[in-house]
Amino acid sequence: MLKNIIDIKDVLKKNNIFHLENANLSLYSTIKTGGFAELMIFPENETDIYIVCEIIKNYCPVFYVIGGGSNTLFKDEIVNLPVISFKKGFKYINYNINNKENYCTVKAGAGVLLSRMLNFSIKNNFEGFEFAYGIPGTLGGAVKMNAGSKESNIENIINSLDIITKYGDRLNFKKNQLKFSYRNLEIPDLNEDDYFIVGAEFLLKSSTEGRISEKIDLFKARKMTQPLGKRSLGCIFKNPEGYSAGKIIDEIGYKGLSQGDAAVSEKHANFIINKGNAKSSDILDLINKIKETVLMEKNIELNTEIKIK
Ligand SMILES: Cc1cc2nc3c(=O)[nH]c(=O)nc-3n(C[C@H](O)[C@H](O)[C@H](O)COP(=O)(O)OP(=O)(O)OC[C@H]3O[C@@H](n4cnc5c(N)ncnc54)[C@H](O)[C@@H]3O)c2cc1C
């Protein structure tokens with residue numbers, strides 16, 4: 001049971017911050033599984049985040065943050081920590097064109113969908129976001145996960161990052177102060193879950209419609225090999241150095257392997273799909289089975305890319 005929930009709700013009501021009790025987490029993860037959150041909070045701007053920081057300071061130092069939930073698996077249990085969702089706010093896109101030097105800086109909020117950033121770039125003839133084709137989720141989640149593919153990722157276009165720490169400090173980091181790696185971001189002196197990404201600035205090159213669509217075609221072709229349109233979390237495992245996780249899982253014969261309504265996709269073995277009423281425990285069972293067999297048969301340790309909360 002979340003301690004002081006009555007006091008926390010009082011603060012939220014007083015400050016007009018939308019929140020839900022007993023929120024069904026399956027609605028907030030793209031694989032549509034998970035339990036319930038005793039309290040889900042939906043800050044819409046930085047003022048709301050500072051109130052959330054006060055709540056954290058006074059009542060509950062540990063919390064979850066969620067963007068689009070396209071890389072997050074919630075366990076089936078009841079979550080007695082506040083879940084902070086970026087679904088409702090932080091949706092601004094502001095840009096500045098430098099015609100002389102043929103580039104543009106775009107500042108956008110953490111709640112902007114990656115697909116909207118891509119559409120914005122296409123409409124205004126700026127290149128850099130093509131890798132985002134077919135990647136769901138928000139900018140905040142994409143920065144945290146360093147989303148992308150082998151050709152490009154968020155790291156390549158980010159200029160700077162705005163965060164608010166759980167202690168209520170607003171900080172701006174230039175790209176060279178951030179440590180991006182494969183599907184990961186580290187911020188100096190901060191633990192992984194101790195801050196909120198509120199916005200980021202990107203540097204995009206001026207381009208032409210033809211060039212942008214040519215680049216997008218490459219990513220479109222890649223996405224044809226994935227079970228898009230099915231309930232999933234994208235790739236479950238990181239690719240081990242020099243290998244493809246999907247290929248390894250295919251080689252051990254696990255394509256189509258199912259547990260309850262969860263199944264290893266027939267189209268792409270690094271995807272697990274929810275065929276109907278899968279539980280998170282079914283997905284976790286499949287993940288463990290895959291890991292054990294790959295270790296036994298291939299002597300390779302697979303690590304999950306998805307966040308399990
Ligand atoms: C069909 C499909 C295809 C996909 N294809 C790709 C792909 O090609 N490449 C790729 O890299 N990924 C891919 N993904 C995975 C996923 O879409 C990306 O990782 C995406 O960037 C996650 O964004 P999100 O907002 O949904 O993150 P979430 O799942 O909501 O969160 C991911 C992590 O970021 C943290 N987080 C989110 N928002 C914030 C914030 N504002 N402040 C602080 N922390 C935050 C969360 O706490 C969590 O740790 C795919 C997923 C699906 C379902």
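Predicted model: local features only at pLDDT ≥ 70, side-chain atom pairs only at ≥ 80, totals over all residues.
Local features need pLDDT of at least 70, side-chain atom pairs count only at pLDDT 80 or more, and totals for chains, interfaces and linings use all residues. Residues are numbered from 1 along each chain as its sequence is written.

Start with the domains. The assignment gives domain 1 (5–85), domain 2 (93–223) and domain 3 (245–308). These bounds come from an automatic or database domain assignment. The centres of domain 1 and domain 2, taken over C-alpha atoms, are 25 Å apart. Domain 1 puts eleven residues into the contact and domain 2 puts in 14 residues. Two residues are in contact if their C-beta atoms, placed from the backbone, lie within 7 Å. On the side of domain 1 that touches domain 2, helix H2 (residues 46–58) gives the most, with five residues. That side has five nonpolar, five polar and one charged residues. Here Ala, Val, Leu, Ile, Met, Phe, Trp, Tyr, Cys and Pro count as nonpolar, Asp, Glu, Lys and Arg as charged, and the others, Gly among them, as polar. Helices (H or I, at least four residues) and strands (E, at least two) are DSSP runs, numbered from the N terminus.

Now look at the ligand. The shell around the ligand holds 30 residues, and Gly-67, Gly-137, Gly-140, Gly-141 and Gly-234 come nearest. A residue is near a molecule or strand if its C-beta atom, placed from the backbone, lies within 6 Å of it. Strand E3 (64–66), helix H4 (139–145) and strand E14 (195–206) each give two or more residues to this shell. H4 has the largest share, with five residues. By class, the shell splits into 13 nonpolar, 15 polar and two charged residues. Domain 1 and domain 2 each supply at least three residues to the shell.

Why is E14 largely enclosed by the rest of the structure? Nine of its twelve residues are buried, so the rest of the structure largely encloses the strand. A residue is buried if 20 or more other C-beta atoms lie within 10 Å of its own, exposed if 12 or fewer, and partly exposed in between, with C-beta atoms placed from the backbone.

E14 also has partner strands. Strands of a sheet pair through backbone hydrogen bonds, either parallel or antiparallel. Two strands pair if DSSP finds at least two bridges between them. Strand E8 (residues 103–109) runs antiparallel to E14, joined by seven bridges. Within that pairing, Ala-108 has Ala-200 of E14 as its bridge partner. Strand E10 (residues 158–165) is also antiparallel to E14, over seven bridges. There, Leu-161 stands opposite Ala-200. Strand E9 (residues 126–127) pairs with E14 over two bridges, in the antiparallel sense. Phe-126 stands opposite Ser-206 of E14.

Another sheet is built from three strands. It is open, ordered E15-E16-E17, with antiparallel pairing. Strand E15 (258–259) and strand E17 (272–274) stand at the edges; each has a single partner strand, so one side of each lacks a neighbour in the sheet. E15 meets strand E16 (residues 262–264) through two bridges. Gln-259 stands opposite Ala-262 in E16.

Next come the annotated positions. For "active site", an unreviewed UniProt entry lists Arg-183, Cys-235 and Glu-305. UniProt positions are given in the numbering used here, feature names are shortened, and annotations may be inferred rather than shown by experiment. The three are spread over 123 residues of sequence, yet they cluster in space, with a largest C-alpha distance of 11.0 Å.

Arg-183 sits in the loop between strand E12 (179–181) and strand E13 (184–186). Arg-183 is partly exposed because it has 18 other C-beta atoms within 10 Å. Neighbours within four places in sequence aside, Arg-183 is in contact with Met-145, Asn-146, Lys-238 and Glu-305.

Glu-305 lies in the loop between helix H8 (280–298) and strand E18 (307–308). With 19 other C-beta atoms within 10 Å, Glu-305 is partly exposed. Leaving out neighbours within four places in sequence, its contacts are Arg-183, Cys-235, Ile-236, Phe-237 and Lys-238.

One more loop is left. Asp-189 is found between E13 and E14. Is Asp-189 buried or exposed? Asp-189 counts as exposed because it has 8 C-beta neighbours inside 10 Å. Its C-alpha atom is 31 Å from that of Gly-242, which is 53 residues away along the chain.
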